[in-house]
Amino acid sequence: MGSGYLILAGLIMLVSWMVSSKLKSKFELYSKLHLQNNMSGAEIAEKMLADNGITDVRVISTPGQLTDHYNPTDKTVNLSEAVYNHRSAAAAAVAAHECGHAVQHSIGYEWLTMRSKLVPIVSVASTYMQWILLAGILMIRTFPQLLLIGIIIFAATTLFSIITLPVEYDASNRALAWLENKHMLTQEEQSGAKDALKWAARTYVVAAIGSIATLLYYISIYSGSSRRD
C-alpha cells in the first residue's frame, strides 16, 4: 500500500477514535443526569411507540453495551440493559432514537427501506470483500478484473454507509421532536439528549467518509493499472 493511503487511513482512524471517545464521555455524562419524570428507557420507548400509534412493536432488553437497535424483521426495539432500566437523559435519547426507526418503518421511510434491501448484500459482501480486494491487488498485473470485482463489492458497502446517514439523522430528529413536543424532558435534559445523539450521528459520518476514501483508493489503484496497460 502507498504511503499516502497509510497516512489517510491513520488520520481516519484517529478521527474515528476521537469521535468515539467523545461519544463515550458524553453518554457517561448524560447517564448521570437523572430524569425528573423518573421514566426508564423502556417506559420512554413504550410511550413514544404508543403516541405514534404503533402497537405491533415490542420493547425488549438485550445484553451488552451499545447494542441498542431496532429490528424490522421481528419488529422489536432492542435496548441494552443500561438503557432499558436507567432513568437518565442518555437512556431517554437512545430509547427514543431507536423508536424513531420503528416510526420510519411504520410509515415506509424510503431511506430505511433502501438500507434494509442492502443488508443481505452487505452481509455477504463483508465476508469475502477483503480477500477479493487483497487478491486483486496482488494479481493486478495478470488479472485486474478481480480488483474491479472487489471495488464493485466494496462500493455496495460504501453505499450502505452513505444511506445510513439520513436514516440515523432522521431517527434522531424524530426522537428529539417527540421528546420536546410531548414535554418529556426538562430543558437541561433535552439539551443533553440532543448533544448525545449529535455525537452518536458523527460516528456514522466518520465511517462513511472512511469508506468513501478507501473506495477511492482502490479505484485509483485500478485506474493506474489500466493506464499503464
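User: In which loop does Asn38 lie?

Analyst: This is a predicted model, in which local features need pLDDT of at least 70, side-chain atom pairs count only at pLDDT 80 or more, and totals for chains, interfaces and linings use all residues. Residues are numbered from 1 along each chain as its sequence is written, and side-chain values use heavy atoms, with hydrogens and water left out. Helices (H or I, at least four residues) and strands (E, at least two) are DSSP runs, numbered from the N terminus. Asn38 lies in the loop between α1 (3-31) and α2 (41-51).

User: Is His183 buried or exposed?

Analyst: His183, in the loop between α6 (144-181) and α7 (187-228), has a positive phi near 55° although this residue is not a glycine. Buried means under 20% relative accessible area, exposed over 50%, and partly exposed in between (1.4 Å probe, protein chains only). With a relative accessible area of 69%, His183 is exposed.

User: What is the order of the strands in the open sheet?

Analyst: Two strands pair if DSSP finds at least two bridges between them. Strand β1 is joined by 5 bridges to β3 (residues 76-80), and these two run parallel. The open sheet of 3 strands has mixed pairing and the order β1-β3-β2.

User: Which strands are the edge strands?

Analyst: An edge strand here pairs on one side only. In the open sheet, with its order β1-β3-β2, the edge strands are β1 (58-62) and β2 (69-71).
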